[in-house]
Amino acid sequence: MSKNVYVFAEQRDGNIQKVAYELVGKARELADTLDEKVYAVLVGQGMDAQAGSLIAAGADGVVLVQDEMLAEYTTEAYTKAVVEVIREKGPEIFLIGATAIGRDLAPRVSARIHTGLTADCTGLAIDEASRNLLMTRPAFGGNIMATIVCEDHRPQMATVRPGVMKALAADSTRTGEVEELKVAFSAADMPVEVVEVIREERTSVDITEAKVLVSGGRGMSDAENFNALLDPLAEVLGGVVSGSRGAVDAGWIDHECQVGQTGKTVRPDLYLACGISGAIQHVAGMEGAEYIVAVDKNDGAPIFDIADLGVVGNVDTLLPKLTEAIKEYKEGK
Amino acid sequence: MYALLKPEHRLVRQLAREFAEKEVKPLAATLDEEERFPVETIPKLFKYGFFGAAYPESEGGEGGDSLAYVIALEEISKVCATTGVIYSVQAGLGMGLFAKYGTPEQKEKYQKGAFTDKLVCFALTEPGVGTDASNVQTVAVKDGDDYILNGTKMFITTAGQAEWYIIIAVTDRAKKNNGMTAFIVHKDAPGFSVGKHEKKMGIRGSATCELILKNVRVSKDDILGKEGQGLKMALASLDSGRMGIATQALGIAQGAIDETIRYVKERKQFGKRISQFQNTQFKLAELQTKVDAGRMLVWRCAMLKDAGLPYGKEAAMAKLYNSDVANLVTRECVQLSGGYGYTREYPMERMMRDAKITEIYEGTSEAQKMVISRAIGVK
Amino acid sequence: MKIVVCVKQVPDTTEVRLDPVTNTLIRDGVPSIINPDDKAGIEAALRIKEEVGGTVTIVSMGPPQADVALREALAMGADDAILISDRAFGGADTWATSSTIAAALKKLDYDLIITGRQAIDGDTAQVGPQIAEHLGIPQISYVEDIKVEDGTLLVKRKFEDRSHLLRAKLPCLLTCLSELNESRYMSIGGIFRAYKKDVQVWGLEDMKDTVDMANIGLKGSPTRVRKSFTKQAKGAGEKINVPEDEAVAIIVSRLAEKHLI
């Protein structure tokens, strides 16, 4: 009989990734509904000291699999580790973050243990009647949502999009058990040799790939203002600065970063339009953004017709305050 | 209508459309603005077999047909009429003459290059020669096994960019129209030069220049076809050339409609999208109907040509109609787009300027009417 | 080198629109295309073939209409193509799809299998790795660069914060990103030649010695779609005209609600 909710706690260079805590948070809710327990599966090397943070985040226990072969992620060795845990423990539900590692690992695991896998979920819930996991995910380029169930195979596996679930506030008073599961590894578990690990600092700016765009228009009044106000705001939001045609024509920003009809079409999660009136040519390039915040002094600016949140105000004074407020919020979190 | 075509032709359309969107469209405004030849596009057109579309594999072509050619040419012309005319002149005129009249040696020497990387020009027009082609002043005088050419050609498309120039010159003035001969002249031939570069209203990226021949020596081996056949060959090639320009006009018109539809669905006035006004709806419905009719005329030419049947009248009709429609459509599309349509931020005004030439070159609309009326027995 | 590229024909989701009245997907007139990541896979295979010689075989599972996707791959320069098509394979989730494709691949002689990372209609990124598991060969996903060196592959795999340079022996399976390369166009001659070739169609009967009936089609799929629905249409936004500090506070709280900060 399968039981309990398991979470793959992804770590890189010994650092547990944010998505692991988010999954533990969600798993806690699911397990409470089922009246079962939450276990985090931590695969790596020298991770003992960090296991406790997963308990503080809501797990009832941690299963550790450690070996020098697991120091850096490889498909086969990690698959073997996770498959051993599943065979040993028989989870009801197994969640993995939909990161590059998670999306490499999860299908391999599901194929080996013959169970269903739902990719890139944005919603998870327990069906009251059947106690099955309802896994909701976007498909068709985000145009439709589908709710998937896995009725006859266990565990019910899902990869979960990072940033969607909420981690619980860490509670160091929580207690739980850390258990190390011994898995024997041999050279056969490394069919692919890691020649080099290249850690990257992203230098090139591609506004079409940015999740957050802070975009400035003619309302930014001059080049100095444009950079001085938008750069720090983009930095604190973890985003990239882009501009309207007006800003590009004025020479405040490179054409590479132009959004609109004669520039690029973008679909970021957040588009913050600053001093952009919203001519149709501009709107054509950014209306696909998930969430649009517009700040402009002109109450009648067409940008407000499409913004999710329109703020009538003066960018010169408002933006520095916004940057500070976001910084404070993040520090407080 | 595309649904009725063979899957090969639908795939040709898909290829041409992707190619046009990614390789041709992004350059169109720049070529117009800078009056610059699309040097970067030409090798790609060669690479993917656009020029050889209608020629058999046995001769180095792609094993397709004229229908494939006009389908591809429409897609290219939709986004850039400049690139369209270069494509049409190479595939429809120069290569057609090599294919039809070239000796095996000439095909080996010239046609192969015309499939892979060399552009070819066709030069008939002169300051005194237009619709009336009988007054050619460029002369070729026999000198042993060679001919010495002297004269000036004008309004020559792709001049200065081509490797080879097919020059129509008088070899025997007494024989009048049967006294003209086609010569193949290499771009580096001593005495041969490219003169004035015309500044044009539209298709501004295509090279249109004067050619100057001063004692240019050409071997008799480089006579294309037979001596005295030059004008006949030139006139025969007009059918294919007209089908090409009809297709270019069709592309310009369809391209303008496509851009305008996109625009009217975005632009709002009086609280509604412009596309919601009945004037816009009816106007675009009428224009698209005309363009579709024009496409049928073009396809009819291609199908006749592929069947080896005469299509002179049909080519004249296709060109007459499509060039007229292209001018009407682009003018109306600028109108529907209002002030923005008049600016260079949108392509409609460029298309309107590009459309005009289609009523003029490869025989004016008036010349097409002469051909058609003669063909239907009205003399 | 014998290379097999798995491709999927997908609706061009960038062209998919929602009907504003019924709030359903408008599928009419949406063109079908070769999945972009898969197309990069075709290009990668053609480049390897150009470099070291060999053959490129395209395999696709889908309805008979997927023929055109295979012709397109042939027109790009692939040598031959196989369409896995049978009603019995319909309704498959990624597990059953990968089982079926793996059953077909077991009948082929291959050194290297290339798939796209994920299809734009499903976005699961699961079928490639699952095929590799069913075949018992290693996989490298998110491939950003491929070099062939003395019969082994030197592959760069891209993760969010790092790349791995990996060396793999053959046979193995790669899943590649559309960013891997700029795929070539078909050529006009390639199109006409493609339609002179035979595309083999393999049904259940053709694969009976390698396929397990329990693992195919809807019945062999562990997962089921319980329901599907269109995303809530974007409501008319709110507009505020309040003192600056208040406005800032509202922006911050909205961004926090949306998990954007």
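**Burial, pairing and contacts in a predicted model**

Me: What makes H3(C) count as mostly covered?

Reply: In H3(C), 12 of 12 residues are buried. A residue is called buried if 20 or more other C-beta atoms lie within 10 Å of its own, exposed if 12 or fewer, and partly exposed in between, with C-beta atoms placed from the backbone. The model is predicted: local features need pLDDT of at least 70 and side-chain atom pairs count only at pLDDT 80 or more, while totals for chains, interfaces and linings use all residues. Residues are numbered from 1 along each chain as its sequence is written, and chains are lettered from A and ligands numbered from 1 in the order in which they are written.

Me: Why is the reach of helix H3 of chain C called close to the expected one?

Reply: The expected span of a helix is 1.5 Å times one less than its number of residues. Helix H3 (residues 94-105) of chain C has 12 residues and reaches 16 Å from its first C-alpha to its last, close to the 16 Å expected. Helices (H or I, at least four residues) and strands (E, at least two) are DSSP runs, numbered from the N terminus.

Me: How do you know that strand E6 of chain C pairs with E1(C)?

Reply: Two strands pair if DSSP finds at least two bridges between them. Strand E1 (residues 2-7) and E6(C) have 6 bridges, in the parallel sense, so the pair meets the requirement of at least two. One of the bridges joins C:Val5 to C:Ile58 of E6(C). E6(C) also pairs with strand E7 (residues 80-84) of chain C, again parallel, over 5 bridges; here C:Thr57 has C:Asp80 of E7(C) as its bridge partner. Strand E6 (residues 55-61) is itself mostly covered, with 6 of its 7 residues buried.

Me: What makes a residue of chain B part of the contact with chain C?

Reply: Two residues are in contact if their C-beta atoms, placed from the backbone, lie within 7 Å. The contact takes 17 residues from chain B and 13 residues from chain C. On the side of chain B, helix H1 (7-34) and helix H3 (66-79) are the elements that give two or more residues, and H1(B) gives the most, with 7.

Me: Why are 10 residues on that side called nonpolar?

Reply: Ala, Val, Leu, Ile, Met, Phe, Trp, Tyr, Cys and Pro count as nonpolar, Asp, Glu, Lys and Arg as charged, and the others, Gly among them, as polar. By these classes the side of chain B that touches chain C divides into 10 nonpolar, 3 polar and 4 charged residues.

Me: Where do the domain bounds of chain B come from, and which elements of domain 1 touch domain 2?

Reply: The bounds come from an automatic or database domain assignment, which gives domain 1 (2-118), domain 2 (121-230) and domain 3 (232-375) of chain B. The C-alpha centres of domain 1 and domain 2 of chain B lie 24 Å apart. Their contact takes 20 residues from domain 1 and 18 residues from domain 2. On the side of domain 1, H1, helix H4 (81-101) and helix H5 (104-116) of chain B give two or more residues, with H4(B) giving the most, 9 residues.
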